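Please look at the sequence and the model while I speak.

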Amino acid sequence: PTPSPVPDTGGFNCPAAVDVGCTAVDPSNPIDECDVIGEPCVDGNEGEFCCIDTCPRNYCTAKQAITTFVFMKHQHDMISIDMEEVADTLKDKTRNDP
């Protein structure tokens with residue numbers, strides 16, 4: 001299996017490091033802001049979690065990545081709704097046909 005580019009962090013979905021880039025003020029001297037990826041940041045703002053960037057270093061963020069699952073589920077729900085509408089329209093049409 002191919003490893004995920006986004007580390008599994010439990011409840012918080014860290015963005016992929018390639019999507020974030022290097023967030024260090026000085027990329028030649030990246031200093032970690034936090035210790036454990038996926039855990040709440042102790043010294044960060046409320047709601048921030050520890051993630052990794054491309055420096056590589058651990059940084060604090062409240063911005064989660066959009067998961068493929070959520071996107072796919074949304075698409076599936078929309079397709080299901082569209083198909084139900086088509087089915088209802090066909091039923092109505094066949095009932096009204098002589």
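I shall discuss the confidence of the model, then its salt bridges, and finally one threonine beside them.

Let me begin with confidence, since this is a predicted model. The mean pLDDT of the protein chain is 77, and 57% of its residues reach 70 or more. Among the elements of the chain, strand 2 has the highest mean pLDDT, at 96, whereas helix 2, residues 68–96, has the lowest, at 60. Over residues 1–9, pLDDT stays under 50, and the model has 10 contacts beyond four places in sequence for that stretch. Where pLDDT is low, the predicted coordinates should not be read in detail.

I turn now to the charged residues. Side chains of opposite charge can pair when their charged atoms come close. How many salt bridges does the structure hold? There are 2.

One of these salt bridges joins Arg57 to Glu33, with 3.3 Å between the closest N and O atoms. This pair links distant parts of the chain, 24 residues apart: Arg57 is in the loop between strand 1 (49–52) and strand 2 (58–61), while Glu33 is in the loop between helix 1 (17–20) and strand 1.

Asp53 also forms a salt bridge with Arg57, and here the closest N and O atoms are 3.4 Å apart.

Glu33, at 42% relative accessibility, counts as partly exposed.

My last topic is Thr23, which lies in the loop between helix 1 and strand 1. Because its relative accessibility is 30%, Thr23 counts as partly exposed. Which residues does Thr23 touch, leaving aside those up to four places away in sequence? They are Asp53, Cys55, Arg57 and Tyr59.

With two of these residues, Thr23 makes polar contacts through its side chain. The side chain of Thr23 meets that of Asp53 in a polar contact of 2.6 Å, and the side chain of Arg57 in another of 2.9 Å. Finally, Thr23 and Cys60 are 37 residues apart in sequence, and their C-alpha atoms are 9.8 Å apart in space.

In summary, Arg57 forms salt bridges with Glu33 and Asp53, and the side chain of Thr23 makes polar contacts with those of Asp53 and Arg57.

Technical notes. Residues are numbered from 1 along each chain as its sequence is written. This is a predicted model: local features need pLDDT of at least 70, side-chain atom pairs count only at pLDDT 80 or more; totals for chains, interfaces and linings use all residues. Side-chain values use heavy atoms; hydrogens and water are left out. A salt bridge is a side-chain nitrogen of Lys or Arg within 4 Å of a carboxyl oxygen of Asp or Glu. Helices (H or I, at least four residues) and strands (E, at least two) are DSSP runs, numbered from the N terminus. Buried means under 20% relative accessible area, exposed over 50%, partly exposed in between (1.4 Å probe, protein chains only). Contact means heavy atoms within 4.5 Å. A polar contact is a pair of N or O atoms within 3.5 Å; within protein, one must be able to donate a hydrogen and the other to accept it, and residues adjacent in sequence count only if both atoms are side-chain atoms. pLDDT is the predictor's confidence in each residue, from 0 to 100.
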